[in-house]
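Dear colleague,

Please find below the structure that I am handing over to you. My notes on what was found in it follow directly after.

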Amino acid sequence: IATPGQSGGMPFDFSKPPVIEGFTPVSRRKDETFKEKLLRKTKENPFVPIGCLGTAGALAYGLRAFHQGKTRQSQMLMRGRIFAQGFTVFAIIFGVVATQLKPKQ
C-alpha cells in the first residue's frame, strides 16, 4: 500500500474527476436553484404538474367528503384521483419519449 509520501503515489486524486479514455464530458448547465429547475421542467412538460395538482386536489376533496360522511361523493373523487394519477404517469412517459426523440443540439 502506497502512501502519499512514497514514490508510487496515490493511484488517483479524489479532488479531481477521473480521467476516462475516450470520454469527453459535456459541459454542465450552470447550477440552478430549485425554483429555476422547477420552472424549466414545467415548461418542458406542463402536463405533469397539472396531473399532480389534479391528483392532490381529488385526494384532498375525497378525504374531506369521506370525513363528512358523503360516501358517494367520496367514491367519485377517489375514482377521479385514480384517473388523475394515470394521466400523470402517461404525461411522464410521454415526456420521456418526446425527450428521447428530440434531436440533439
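Helices (H or I, at least four residues) and strands (E, at least two) are taken here as DSSP runs, numbered from the N terminus. The model is predicted, so to speak of local features a pLDDT of at least 70 is needed, side-chain atom pairs count only at pLDDT 80 or more, and totals for chains, interfaces and linings use all residues. Residues are numbered from 1 along each chain as its sequence is written, and side-chain values use heavy atoms, with hydrogens and water left out.

The protein chain has three helices and zero strands, in the order α-α-α from the N terminus.

The unreviewed UniProt entry gives the feature "transmembrane region" at residues 47–66 and 82–101; such annotations may be inferred rather than shown by experiment, and their positions follow the numbering used here. Residues 82–101 are 100% helix and 0% strand, with end C-alpha atoms 29 Å apart. For residues 47–66, also 100% helix and 0% strand, the distance between the end C-alpha atoms is 28 Å.

Of the 105 residues in the chain, 13% are buried (under 20% relative accessible area, with a 1.4 Å probe and protein chains only). Among contacts (heavy atoms within 4.5 Å) between residues at least 6 apart in sequence, 42% join residues at least 24 apart.

Yours sincerely

Definitions and conventions
Buried means under 20% relative accessible area, exposed over 50%, partly exposed in between (1.4 Å probe, protein chains only).
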